Amino acid sequence: MSKAASQGKKLVIVESPTKMRSIQGYLGDGYEVLSSVGHIRDLADKRDIPADKKQAYGKYSIDIENGFDPYYVESERGKKTVAELKRALKGADELLLATDEDREGEAIAWHLLQTLKPKVPVKRMVFHEITKDAIRAAVGNTRELDLALVDAQETRRILDRLYGWDVSPVLWFKVQQGTSAGRVQSAATRLVVDRERERMAFVSASYWDIEALAAPNRPQGIDEAFATRLARVDGASLARGTDFDDRGELKKAVLVLDEAQVRELATAIEAAGEASVSALESKPGTRSPKPPFTTSTLQQEAGRKLSMSAKHAMSVAQRLYEKGFITYMRTDSTALSTQAVHAAREQAVAMYGDKAVPPNPRTYRNNSKNAQEAHEAIRPSGETFRTPADVSNELDRDELRLYDLIWKRTMASQMSDAKYETTTVTLAVNAGGRRVEFTASGTVYTFKGFLEAYEEGRDEKRGDSDKADDQSLPTMAVGDVLRLKDVEPKGHSTSPKPRYTEASLVKALEEKGIGRPSTFASIIDVILNRGYVTKRGQALIPSWLAFSVVRLLEQHFADLVDYDFTAALEDDLDAIARGEQKREDWLKEFYFGSDQQVGLRNIVDNLGEIDARALNSTPIGDVATLRFGKYGPYLEVADKENPDAEPRRVNIPEDLAPDELTPERAQELIDAPVAGDRVLGENPANGKLVVVKDGRFGPYVQETDPPAEEAVDEATGEVVPVEPEPEAAAPKKRAAKKAPAAPKPRTASLFKSMSVDTLDLETALRLLDLPRVVGADPETGAEITAQNGRYGPYLKKGTDSRTLQSEQQIFDITLDEALAIYAQPKYGARGASSALKEFENDPTSGKPIKLKDGRFGPYVTDGETNATIPRGEEATEVTFERAVQLLADKRAKGPVKRPARKTAARKPAAKK
């Protein structure tokens, strides 16, 4: 951050350092542009509340008895930023607050105003794109701070604090420590769990049909063959997948053929060998382009077409916006400005001709009443659009891919309808006295229109397998005779609804009105990071932890995870943003209740008894019960012959989805031979047996005492234990002290590269002997050991530890190699040598930025702040601007707050 502005300058405050540099260049020397680096303050933690305010603010950092007044504190990073902004403000004659024009941006501007307390005129500067013309226009068209937007954002923050801090502790005690509940995250988790429940309850149905190739009966007909499918037999429609419900039962009267019937019919059709065209129908149609991108549709399409997570897509869009390539990326609006419409139409004509656009510009209706509708749709910035080829040298790979998507979608939104003609043909066959009919359809586009530029992706839907692929049909007429070949019976099974992907979950959240598009990316990121949901490819799979959390919320906080109730909360918050509701009145009703709703406080105060064991149990047929415990899910199998006996526990494979744990699969797991408990041999050093086991925390080896010796009683033939030799009688003593506890057997975890099935005795003994002494430091005589730890393999010399690159090094590293590692500085030189990329100095710290590969994945650092590269981003594609943004975001969050270590009170010395 630069020094204080000279007298007469205008101080402009934006949110990010990247924006700061661009806007400074557009405004020139009469302005000083600085960054707040996001939020400068937030609701206080309990320990940050002064003693005289504890009574009022102590529980939530909110005084719920006095208008829900929040208590804010500046973060450590925020204090430094505020000090520098105040220094700059001393030399300015005007303050322009240029944060984003949405609820969060308005709130940041308000917090800056409250903290800086400027004595010069203050104006609110807003813009939707970072171009020279837009920024200069924004300076001349300022407004006042929108306090209704500030109220809406502050209400959200207070609401989320009340919700999370009241509900989450219930989850900690009844499900698992570290779990959390949230106004939107809990509803989103429930959506994913509900879909899995549908899949678990689904009953598949089987049905058969016949496919065949049909070709005109002419010399070139073999090249015109097209696919057909059996549709009717003796006038009765054949069953399709969509004719069955989720219980596997028919929804309407259709013909269901079994395999034997279909094969018999196929033989008769093959014998006939030909079919006649009994009906031929052609219908014209049109397709219209989709509107330009909103935040939600951008996330969906980036997921479908580019395989980007919602979070990654928004991160890339943020960079494109801050670099001046697209308009603001958090918007619910599908509207385009007049200049954008002109630019899109002009570019479409230039690329595809005069017919590419309709006579009049297209307009799109917005259904959203959200305050963010003031923005345009997401589009390329400027009065003319730069093509992807024009900007390819200025963008990284992901930025270019997303820009290309936005550019195509915007241009297509102003292009002409596509025109097509769909032809459906019915073929009749006399199959051994039965009239069977095949159908086929084909679509031909007579004018591609907007499809020249862009076609929207689609999510997988149930019943897709029943739809024939697009194909072209040859010229035919009713009465024509066609040859049939490759007649093939096909068996099918109905399938449940597909799991949500990030794209389809975003769509579902928007359709149900849960959350707002600007928050979808963070919502999905939260439920992934909390372990409620995992990804298998693109599919989102709920964990058993999510089932327990959702079950508790449904049973005891039903309104809070009700989809309609959650959507109504969003509508109310939007009404506050529009100034139609008062923040304090609304919060009072939500928290304390009214005639219309119970109120969060009343729900929490009247929870009653919660049966944690029942809550964390799911019957798997009558085979077993799935329990979710402290260390995760497992099967509990009761002994039917001895119900009072301790139930057997069976581990569940980590990659087994809930809907895949059927009673049959559970029985397979129960009947499977127990992995581990395999005797590898005897430790020659102490005579103990070495056994490999598969435990709750992974495979390990353990030393055990050999079984007691046995002998055969010659008189009876019985096997009897050998009695130990009696010891000499010892003199009687006074009351003996309690015998010391028996030493625990030695154990050691297997390396990640090792397998329970292939582990041998030699390797097991090496594991048990860890830590391994590598040697002594010749200078100090300190012993150096190699061992495995919670965060991976490492060397230890006294209190100095160093990370090893692989577990195998624990066994193989030599003393010279260990000394070479210790000869490097612990962070400096080692970090320099492991840098994947090096960038220019960070604008905030002034220190060089490096991209490194760390223990928990790639990250960027300036030596003071470390920021992990988000999942879904390629580390090698990170640019200097992206690195600066990641570090700025990390600083904005402030330092990690660790719980204070409690010191035990010293007991007074015993009196003698």
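One term before we start: contact here means heavy atoms within 4.5 Å. With that, among contacts between residues at least 6 apart in sequence, 67% join residues at least 24 apart.

Now the ground rules. This is a predicted model, so local features need pLDDT of at least 70, side-chain atom pairs count only at pLDDT 80 or more, and totals for chains, interfaces and linings use all residues. Residues are numbered from 1 along each chain as its sequence is written, and side-chain values use heavy atoms, with hydrogens and water left out.

Confidence next. pLDDT is the predictor's confidence in each residue, from 0 to 100. The chain's mean is 86, and 89% of its residues reach 70 or more. Two stretches to flag. Over residues 828-833 pLDDT stays under 50, and the model has 6 contacts there beyond four places in sequence. Where pLDDT is low, the predicted coordinates should not be read in detail.

Overall make-up. The chain has 26 helices and 35 strands. These are DSSP runs, numbered from the N terminus: helices are H or I with at least four residues, strands are E with at least two. Of the 912 residues, 47% are buried. Buried means under 20% relative accessible area, exposed means over 50%, and partly exposed is in between, with a 1.4 Å probe and protein chains only.

Let's go to one helix pair. How do H7 and H14 cross? H7 covers residues 185-201 and H14 covers residues 502-512; their axes come within 11 Å and cross at roughly 120 degrees. Axes are lines fitted to C-alpha atoms, for helices over the stretch in contact, with angles from 0 to 180 degrees between N-to-C directions. The crossing is right-handed.

Who meets whom? From H7 come Ala-188, Leu-191 and Val-192; from H14 come Leu-505, Ala-508, Leu-509 and Lys-512. By class, that contact has 6 nonpolar, no polar and 1 charged residues. Nonpolar covers Ala, Val, Leu, Ile, Met, Phe, Trp, Tyr, Cys and Pro; charged covers Asp, Glu, Lys and Arg; the others, Gly among them, are polar.

Stay on H14. Its buried residues include Leu-505, Ala-508 and Leu-509, along with Glu-502 and Ser-504. What covers the buried residues of H14? The cover includes H7, H9 (295-306), H10, H15 (517-529) and strands E16 (533-536) and E17 (539-542). Just after H14, Gly-513 takes a positive phi of about 75 degrees.

Pro-542 sits in strand E17. Pro-542 is buried, at 2% relative accessible area. Leaving aside neighbours within four places in sequence, its contacts include Val-192, Val-193 and Glu-196, plus Phe-547 and Pro-658. Pro-542 and Asp-194 are 348 residues apart in sequence, yet 9.4 Å apart in space, C-alpha to C-alpha.

Aromatics. The structure holds 13 aromatic pairs. Rings of Phe, Tyr and Trp (its six-membered ring) pair if their centres lie within 6.5 Å; planes under 30 degrees apart are stacked, over 60 edge-to-face, the rest tilted. Take Phe-325 and Tyr-403: centres 6.3 Å apart, planes at 80 degrees, so the pair is edge-to-face. Phe-325 is in the loop between H10 (310-322) and H11 (338-352), while Tyr-403 is in H13 (residues 397-412), 78 residues apart. Phe-325 is buried at 4%, and Tyr-403 is buried at 0%.

There is also an aromatic cluster of Tyr-60, Phe-68, Tyr-591 and Phe-592. Phe-68 lies in the loop between E4 (62-63) and E5 (69-70). At 1% relative accessibility, Phe-68 is buried.

Most residues other than glycine have a negative phi, and most peptide bonds are trans. Phe-68 has a positive phi, near 55 degrees. Lys-117 has one too, about 45 degrees. Is Lys-117 buried or exposed? Exposed, at 61% relative accessibility. Lys-117 lies in the loop between H4 (103-116) and E8 (122-124). And the peptide bond from Leu-770 to Pro-771 is cis, with omega near 0 degrees. Pro-771 is in the loop between H22 (761-768) and E28 (772-776).

How values were computed. A crossing is left-handed if the near helix is turned anticlockwise from the far one by less than a right angle, and right-handed if clockwise.
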